[in-house]
Amino acid sequence: VQLQASGGGLVQPGGSLRLSCAASGRIFSINAMGWYRQAPGKQRELVATITSGGSTNYEDSVEGRFTISRDNAKNTVYLQMNGLKPEDTAVYYCNIEIRTTSRANYYFYWGQGTQVTVSS
């Protein structure tokens with residue numbers, strides 16, 4: 001299983017970015033999907049999650065600015081980020097709960113990370 005994240009970059013405060021993360025390989029089913037971030041000198045923190053049923057959860061500081069969504073046909077999770085602030089600067093990682101066969105357990109897989117920099 002491989003997770004390929006994309007969409008990061010440099011943006012001015014108040015700007016927008018859309019992150020994508022596609023899972024590929026041996027995938028039987030996908031459960032929860034999410035995004036985490038890690039700023040320099042800080043621990044990795046949860047940004048947003050979405051369940052297989054579409055229920056979402058957001059970290060308080062991004063609530064109302066970020067939107068997580070998923071395309072089950074494409075095994076892809078998205079993070080639409082609006083109203084970006086300098087404190088959103090971090091490496092963003094996708095995290096997807098995948099079962100590779102009908103008899104396997106679910107495991108969490110990580111993407112490689114994509115840099116988001118918010119600066120004027």
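Which residues form a disulfide, and how far apart are their sulfur atoms? I find that Cys 21 and Cys 94 form it, with the sulfur atoms 2.0 Å apart. My cut-off for a disulfide is a pair of cysteine sulfur atoms within 2.5 Å. By this rule I count one disulfide.

Ground rules first. This is a predicted model, where local features need pLDDT of at least 70, side-chain atom pairs count only at pLDDT 80 or more, and totals for chains, interfaces and linings use all residues. Residues are numbered from 1 along each chain as its sequence is written, and side-chain values use heavy atoms, with hydrogens and water left out.

**Entry: the disulfide**

I looked up the torsion about the S-S bond of Cys 21 and Cys 94. The torsion is about 50 degrees, so the disulfide is right-handed. The pair links distant parts of the chain: Cys 21 is in strand S3 (residues 17–24) and Cys 94 in strand S9, 73 residues apart. Strands here are DSSP runs (E, at least two residues), numbered from the N terminus. I checked burial too. Both Cys 21 and Cys 94 are buried. Buried means under 20% relative accessible area, exposed means over 50%, and partly exposed lies in between (1.4 Å probe, protein chains only).

**Entry: the rings**

I then went through the aromatic rings. Rings of Phe, Tyr and Trp (its six-membered ring) pair if their centres lie within 6.5 Å; planes under 30 degrees apart are stacked, over 60 edge-to-face, and the rest tilted. The count by this rule is two aromatic pairs. In one of them, Tyr 36 and Trp 110 have ring centres 5.0 Å apart and planes at 65 degrees, so I log the pair as edge-to-face. Tyr 36 lies in strand S4 (residues 29–38) and Trp 110 in strand S10 (residues 107–110), so this pair ties together parts 74 residues apart in sequence. Tyr 36 is partly exposed at 22% relative accessible area. Trp 110 is partly exposed at 40%.

Tyr 93 and Trp 110 also pair: centres are 6.5 Å apart and planes at 85 degrees, so this is edge-to-face. Tyr 93 sits in strand S9 (residues 90–99), 17 residues from Trp 110 in strand S10. Tyr 93 is buried, with a relative accessible area of 15%. I note Tyr 36, Tyr 93 and Trp 110 as one aromatic cluster.

What sits over the ring of Tyr 93? The charged end of Arg 44 does, 3.7 Å from the ring centre. Arg 44 also lies over the face of Trp 110, at 4.6 Å from the ring centre. My rule for a charge over a ring is NZ of Lys or CZ of Arg within 6 Å of the ring centre and within 35 degrees of the ring normal.

**Entry: strand S11**

I traced strand S11 (residues 114–118) next. In a regular strand the side chains alternate between the two faces of the sheet. Here Thr 114, Val 116 and Val 118 point to one face and are buried.

Two strands pair if DSSP finds at least two bridges between them. Strand S2 (residues 9–11) runs parallel to S11, joined by three bridges. Val 11 has Val 118 as its bridge partner in S11. S9 and S11 pair in the antiparallel sense over three bridges. Tyr 92 has Thr 114 as its bridge partner in S11.

Key. Helix = DSSP H or I, 4+ residues; strand = E, 2+ residues; numbered from the N terminus.
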